[in-house]
Amino acid sequence: MLSMKITVNGQEKVFESSLSLENLIENLSQNKDHVIAELNGNIIKSSKWLSTAISDGDAIELVTFVGGG
Amino acid sequence: MQGNNSNHIIAQDHPLEIAGKKFTNRFLLGTGKFKNKQELADCIQSSGTQIVTVALRRIDLEQSGESILPYIPKDVIILTNTSGARNAQEAVRIARLAKESGCGNWVKIEVINDSKYLLPDNNETIKATEILASEGFVVLPYITPDLYAARALVKAGAATVMPLASLIGSNQGLKAKEFIKILIEEMDVPIIVDAGIGAPSQAAETMEMGADAVLVNTAVATSANPALAAKAFSLAIEAGRLAYISRLPKQKDIADASSPLTGFLFEIS
């Protein structure tokens, strides 16, 4: 397949093969506990990560909890 | 009564109640600016806090970032703030993301447009409160103290109102005292004073005038010994609370002797 260009947390990423959201998170985040994912503005529950395919042009946000007042 | 019964005396206070949950500790701890997560865990323990605020941020793709949640005991309420939101819509988005994590539906709405003074935008906060309260969130809005805004927030479904004492992180103390007093007087929801409290004496003063709780972050996290500072704030908040419910007498302009003015040794009748 052709390479796929996506945006993760505002950064452009290129992948050479198809992947699921689960694969992507495992690939980019060393600890997926407490990660929350948004795909093109829609929250994706962690139970759906494996069945959610990433497509060319997708914008993904991966967030977690940090210290704050 | 003998002196070993202080638990009975303190039991005369009723717990702080927010959205049906009861809290005996009236100190809310912010979790930002700590040098490391263990220091935060120590502060949670030393202060006895039952509510902590956290923020939501993009994960760092370059290095392994660890969530702060493992350092927060399970029985402590996680109050996610919407920091970074510049309008109601962004605050709503952050709150919905936080809820997805499964650690509760408590949200501190914080909408800020101004980078110099970091003052909250009350109008956008009201809009976000309307949306999130209708979605079942427990909403604790952070505001610039203003009676009309507070009333609108309660009408919109806010569980509390959180007025700022002074600018975030400034340690200036209770600059907005007179305006917070009005909120304490007029509002039926708990008033949690947030931002700017830089010393336990300021926290005690806030509680003495009838605030229901105080939130502190910077003064604890950036002190030389955060666990001790957290304990000091917690004690001051409890002291201020007890002083408030004991209804201290008013200030007078002239002296009023503490010892009896009769029966002096040198009196000749």
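**The interface of chain B and chain A**

In this predicted model, chain B and chain A bury about 2400 Å² between them, and carbon and sulfur atoms give 61% of that area. B:Arg58, B:Ile59 and B:Leu61 supply 29% of the area that chain B buries against chain A, more than any other three residues.

Q: What makes the residues counted at this interface residues "in contact"?
A: Contact requires heavy atoms within 4.5 Å. By that rule, 31 residues of chain B are in contact with 25 residues of chain A.

Q: Why is the link of A:Lys45 with B:Glu100 called a salt bridge?
A: The rule asks for a side-chain nitrogen of Lys or Arg within 4 Å of a carboxyl oxygen of Asp or Glu. Across the interface, three salt bridges are found.

Q: Which elements of chain B give two or more residues to the side that touches chain A?
A: They are strand E4 (51-58), strand E5 (77-81) and helix H3 (88-100) of chain B. Strand E4 of chain B gives the most, with six residues. The residues on this side of chain B divide into eleven nonpolar, eleven polar and nine charged.

Q: How do you know that strand E5 of chain A and strand E4 of chain B pair?
A: Pairing requires at least two bridges between the strands. The bridge partner of A:Thr64 in strand E4 of chain B is B:Arg57.

How values were computed
Residues are numbered from 1 along each chain as its sequence is written. Chains are lettered from A and ligands numbered from 1 in the order in which they are written. This is a predicted model: local features need pLDDT of at least 70, side-chain atom pairs count only at pLDDT 80 or more; totals for chains, interfaces and linings use all residues. Side-chain values use heavy atoms; hydrogens and water are left out. Buried area is the accessible area (1.4 Å probe) that two parts lose on being put together, summed over both. Helices (H or I, at least four residues) and strands (E, at least two) are DSSP runs, numbered from the N terminus. Ala, Val, Leu, Ile, Met, Phe, Trp, Tyr, Cys and Pro count as nonpolar, Asp, Glu, Lys and Arg as charged, and the others, Gly among them, as polar.
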